[in-house]
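Me: Please take a close look at one part of this model for me. I would like the contact between the two chains, and then the pieces around it.

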Amino acid sequence: MGEISTVLVLGSLVAYTVALISFAVDISALGGHAPHRTVRRAANIAVAVSWLGFGMHAVGLVLRGLAAGRVPWANMYEFSLTFGIVAMGTFLVINRVRDIRYLGVFVSFLVVCVLTVAFWQLYVEADGVQPILDSYWLGIHVSVAAASTGLFSVAAAASALQLLQHRQERKVEARAAVAAPVPVAAGAVGTLETVELDTVDTAESVETSGAGSAGGTSPRRPSSFAGRLMAQLPGSESLERFAYRLNAVAFVGWTLTVVAGAIWAEAAWGRPWGWDPKETWSLVIWLVYAAYLHMRATVGWTINRFAWFALAGFVALMANFYVVNVFFAGRHSYSGL
Amino acid sequence: MARYAPEGLKGSAPSGAPAPSGAPRGLGLRGWLRWGWRQLTSMRVALILLLMLAVVALPGAFFPQRPQDPAAVADYLEANPGSGELLDRLGFFDVYASPWFSAVYLLLFVSLIGCIVPRTWAHAQAMRAGPSRVPRSFARFPVRDEVEVARTPREVVAAAERALGRGYKRRTGRVQRGDVETLEISAERGYGRETGNLAFHLALVGLLVVTAWGQLVQYRGQAVVVVGSSMVNSAVDYDTFDAGAWYDVDSQEPFRLRLDDFTSVFTEAGRPDAFTADVTLSRPDGSETATTISPNDPLSVGNARVYLTGNGYAPVLTVTDAAGDVAFSGPVLFLPQDTAYTSTGVVLVPDANGGDPQLGFRGQLFPTALYAADGTVLGSTFPQPDDPVLILNLWTGDLGLDDGAPRNLFVLDTTGLTQATTETADGTEVPLELVLRPGESVELPDGQGSVTFSELRRFAAFDVRWDPSVPWMGLFAGIAFLGLAASLFLPRRRVWLRVRPASGGSVVQVAALARGDDPGLQRELDRVVAAVAPDARRRSTTTTPATRAPRRTPTPRGAAAEREARDDG
């Protein structure tokens with residue numbers, strides 16, 4: 001059963017890689033010759049293949065748990081699988097409600113990296129756990145940690161895109177400022193006032209209707225690849241709000257991770273908090289994201305700073321998993337490596 | 001957080017730097033204190049402190065910490081004598097008790113209290129006062145609508161009140177202008193958002209306070225118990241014992257714990273699968289209870305908890321000296337060194353031969369011995385005692401125990417000792433190895449006596465801990481978690497209606513405003529509009545969907561409104 005699980009997860013890795021390529025093709029098509037196609041075939045293929053990968057991934061994870069006779073997130077290999085599936089699942093489920101295929105290339109890239117590292121460096125045979133891990137808290141503490149990590153990952157993808165989008169918007173604004181007082185030729189697109197607003201509207205239409213069937217065609221098309229591409233993605237403020245919602249949910253999840261971890265530590269190690277390296281890093285991550293939430297609730301910051309903070313938190317999160325588990329001696333050294 | 005104003009829209013306040021500007025001039029001491037307090041409780045300083053706390057917590061993950069691992073600190077100091085001493089003086093080996101770490105978190109909590117207390121008052125007042133007045137103009141709210149309906153204003157108001165339901169606190173008013181009577185509703189829901197926010201922050205303060213209290217009164221002791229023997233919950237009976245400054249001997253639950261048996265289960269690959277200590281608990285009232293302790297399953301005795309933290313083997317040895325007298329007899333703790341429980345231990349026999357010479361043994365225990373072709377033991381292959389072999393080296397001389405200096409009982413200090421050797425067949429001298437299995441006895445060379453390995457027992461290491469703050473920590477952590485979830489996910493919304501009569505019905509203006517990010521605000525407005533005006537003719541299409549509006553080049557007022565809408569504690 002352990003072998004079948006491994007084969008299935010490898011299959012999902014292949015599927016995600018195909019999805020990554022298709023998403024990239026879609027993105028380059030958006031930035032290329034045909035900015036306002038109504039059907040994004042490559043993106044649709046990518047989403048379908050992602051679902052296929054997700055299915056194999058899910059079955060693989062369940063079989064892994066059956067093979068080991070416990071929840072399938074007790075070592076670094078399995079944790080990678082779990083938070084990878086949460087990231088991909090979050091993306092796919094939200095994508096059913098609103099079109100976020102533009103994030104697919106980020107999310108699939110991330111999940112492909114996570115699974116590759118898991119196979120290449122972290123793989124261990126399915127087996128039971130040490131007595132100290134043999135507790136129902138393993139099911140609670142670690143699953144919530146993995147789910148939060150997955151959510152933070154998707155949010156980080158949105159934050160990264162937000163920063164890229166902001167750069168592009170500044171360029172567009174600079175260009176619009178040059179041509180600012182000139183109104184758009186009357187009659188061409190009646191409701192639009194300036195070139196810039198038109199760009200915005202196009203972006204929003206993509207976000208809402210999805211297929212890029214923008215109502216108004218831009219009278220002055222962006223000339224660069226990035227310009228054409230980014231004009232069809234949501235604006236940076238919209239991306240920021242999207243990232244915030246995910247980060248808020250993930251932050252509550254991370255709080256639960258820390259609290260559940262403390263309760264478990266009290267039962268297993270005889271103290272709720274002992275400044276184990278992993279505990280310290282978890283607190284640091286919590287503080288960085290707490291600062292992010294406070295900042296967002298205060299007047300006077302630009303939204304770019306939110307993105308930088310969220311990304312800093314995400315870097316700490318990844319360091320906590322890949323660096324602290326492997327290189328720092330502590331009570332959380334259960335990687336099985 | 002001087003800039004924080006909990007109540008909704010703050011007009012077109014300029015969105016400048018959040019910290020109060022400019023130090024006061026010529027205000028005297030009081031002025032300066034007031035200025036300093038405002039700075040400390042401003043959101044900007046709180047943010048800086050939050051990030052500083054993250055920064056100052058990190059060294060504890062990079063440098064070994066004395067409370068967690070004193071041996072690692074000693075190693076570090078030995079390896080880096082110069083920089084190590086400097087770091088030590090700066091507190092890098094006990095970061096979480098260092099003055100700079102304490103300063104940051106204490107300032108952060110002072111800032112937090114200074115921010116939260118006024119907000120708690122303001123919130124209590126707002127809850128008592130109920131919804132605020134209806135704004136004169138709805139034009140500055142992005143989420144608004146205006147419809148004409150064929151109902152009288154009173155019918156509209158009744159329908160709106162029904163639609164708003166019990167979730168909203170609301171207030172209905174009348175404004176008479178000339179002979180036109182306008183009806184107004186001001187409704188607000190989601191006070192729980194701010195309540196949760198405040199509860200979260202106050203619970204953090206509670207968490208800090210109970211943790212500090214726990215540190216002061218707690219005690220913790222460690223004891224190693226061999227199967228068949230007992231430990232008593234008393235400071236003198238522990239191998240290590242530490243307690244807080246306010247520790248009171250009376251807080252120590254009186255009990256005795258006897259280790260009856262210790263069982264361990266390993267998989268075929270040698271991975272531990274289960275550890276169980278069978279113990280008998282004796283209380284002063286004479287009651288005896290047989291129970292078990294295992295990892296993740298501590299034993300609660302009154303308020304104290306007993307944790308199983310380690311285990312190993314203790315061979316029972318008897319040493320007789322040259323005169324044939326028993327100089328030592330009892331179990332000796334051997335500490336496991338690897339996953340196959342290859343263990344090392346030391347036997348000190350200061351009483352042998354009347355103290356001259358004394359005997360010392362350094363030994364290795366292999367629970368399941370692996371043999372080379374010539375029969376010598378190479379190592380242990382499995383942690384269970386399937387074929388235990390004990391190998392001892394003998395040292396004679398002065399053990400150096402009489403100078404009163406504390407000694408590690410698991411290390412044999414060989415200064416002043418001579419190792420017994422033996423000659424191999426080809427005449428080279430090699431250290432003497434005494435090989436023993438349970439039940440066996442060997443003679444020491446030159447008639448110095450004998451060693452008997454009578455049986456192999458298990459030992460268990462227990463931590464006994466009493467910290468009365470733990471349940472309180474759980475309570476405050478739970479409140480903090482629920483408060484956090486409420487403050488992030490409960491929508492705080494205001495809905496205003498203004499209804500004036502028109503020919504053949506009424507004109508209804510509706511506006512809605514949310515605190516923080518609220519994707520459902522537009523839906524909520526649409527719901528209210530649909531309830532009051534099922535047959536509405538839309539008068540204007542000024543509605544901007546809140547969730548989708550790009551607002552990248554908004555009017556100045558719109559920009560302010562949106563900033564305010566985002567403003568949230």
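Reply: The contact takes 52 residues from chain B and 47 residues from chain A. This is a predicted model. On the chain B side, at least two residues come from each of helix 2, helix 3 (59-62), strand 8, strand 11 (304-320), strand 24 (450-466) and helix 9 (470-489). By class, that side of chain B has 27 nonpolar, 12 polar and 13 charged residues.

Start with helix 2 of chain B. Helix 2 (residues 43-57) packs on helix 6 (residues 99-129) of chain B, with the axes 9 Å apart and at an angle of about 150°. An angle over 145 degrees counts as roughly antiparallel, so helix 2 of chain B is roughly antiparallel to helix 6 of chain B. The crossing of helix 2 and helix 6 of chain B is left-handed. Helix 2 of chain B contributes B:Val45, B:Ala46, B:Leu49, B:Leu50, B:Met52, B:Leu53 and B:Val56 to this contact. Among the residues from helix 6 of chain B are B:Trp100, B:Phe101, B:Tyr105, B:Leu108, B:Ser111 and B:Cys115. The contact of helix 2 with helix 6 of chain B has 15 nonpolar residues, one polar and no charged.

Next, strand 8 of chain B. Strand 7 (residues 256-266) and strand 8 (residues 272-282) of chain B run antiparallel and are joined by 10 bridges. B:Ser264 stands opposite B:Phe275 in strand 8 of chain B.

Then strand 24 of chain B. The loop between strand 23 (440-443) and strand 24 of chain B holds B:Asp446. Most residues other than glycine have a negative phi. B:Asp446 has a positive phi of about 60°, although it is not a glycine. B:Asp446 counts as exposed because it has 9 C-beta neighbours inside 10 Å.

One more loop has a residue with positive phi. B:Asn353 lies between strand 14 (343-349) and strand 15 (358-366) of chain B. Its phi is near 55°, and B:Asn353 is a residue other than glycine. B:Asn353 has 17 C-beta neighbours inside 10 Å, so B:Asn353 counts as partly exposed.

Methods
Residues numbered from 1 in each chain as written. Chains lettered and ligands numbered in written order. Predicted model: local features only at pLDDT ≥ 70, side-chain atom pairs only at ≥ 80, totals over all residues. Axes fitted to C-alpha atoms, helices over the stretch in contact; angles between N-to-C directions. Helix = DSSP H or I, 4+ residues; strand = E, 2+ residues; numbered from the N terminus. Parallel < 35°, antiparallel > 145°, perpendicular 65-115°, else oblique. Left-handed = near helix turned anticlockwise from the far one by under 90°. Contact = placed C-beta atoms within 7 Å. Nonpolar A, V, L, I, M, F, W, Y, C, P; charged D, E, K, R; others polar. Pairing = 2+ DSSP bridges. Buried ≥ 20, exposed ≤ 12 C-beta atoms within 10 Å, placed from the backbone.
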